[in-house]
Amino acid sequence: MNGFTPGPWTYGVEADGETFWVRSDEFLIVELPSNGQIDERAEDDARLIAAAPDLLAACEAAIEEFRQFMTAGDTLTKCEAAVAKAMSQGGGRHGQVVSQ
């Protein structure tokens with residue numbers, strides 16, 4: 001994968017029970033603090049982030065298979081857009097800045 005920390009990534013929770021993390025074998029990928037509250041979304045987010053390398057590989061494989069049978073379609077287009085977003089194609093190196 002281009003420039004990404006290789007998978008597998010795993011997730012867990014710090015001893016304080018309030019901070020979830022995602023790690024590779026070599027690096028900490030992200031910490032997701034729950035701001036003092038147990039938030040199921042933080043764990044769900046950590047689980048999803050940990051699955052990112054596998055999801056990207058699955059989408060890339062699906063795109064190759066879809067292209068054998070079709071040239072366009074909603075599913076193919078969505079997979080291509082998701083992979084492009086993951087690979088920062090169409091956005092800057094650091095994605096888009098959104099003002100609030």
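Reader: What makes helix 2 the element that gives the most to the lining of the second largest pocket?

Author: The count does: in this predicted model, helix 2 gives four residues to that lining, the most of the elements. Two or more residues also come from strand 3 (28-33), helix 1 (40-50) and helix 3 (74-86), with helix 2 itself spanning 52-69.

Reader: Which residues line the second largest pocket?

Author: The lining is made up of Trp9, Ile29, Val30, Leu48, Ile49, Ala52, Leu55, Leu56, Cys59, Ala82, Val83 and Ala86. They count as lining because each has an atom within 4 Å of a point of the pocket.

Reader: How many residues of that lining are nonpolar, polar or charged?

Author: Twelve are nonpolar, none is polar and none is charged. Trp and Cys count as nonpolar, as do Ala, Val, Leu and Ile, so Trp9 and Cys59 fall in that class.

Reader: How much space lies in the second largest pocket?

Author: The space comes to about 200 Å³. That volume is the space filled by probe spheres set on the grid points.

Reader: What share of the protein chain counts as buried, and by what cut-off?

Author: The share is 20% of the 100 residues. These residues are called buried because their relative accessible area is under 20%.

Reader: What part of the accessible surface belongs to carbon and sulfur atoms?

Author: Those atoms hold 52% of a surface of about 7500 Å².

How values were computed
Residues numbered from 1 in each chain as written. Predicted model: local features only at pLDDT ≥ 70, side-chain atom pairs only at ≥ 80, totals over all residues. Heavy atoms only, no water. Buried < 20%, exposed > 50% of the residue type's maximum accessible area, 1.4 Å probe, protein only. Areas by Shrake-Rupley, 256 points an atom, 1.4 Å probe, with all protein chains shown as cover. 1 Å grid on protein atoms, 1.4 Å probe; cavity = no way out; pocket = protein on both sides within 12 Å on 5 of 7 lines; lining within 4 Å.
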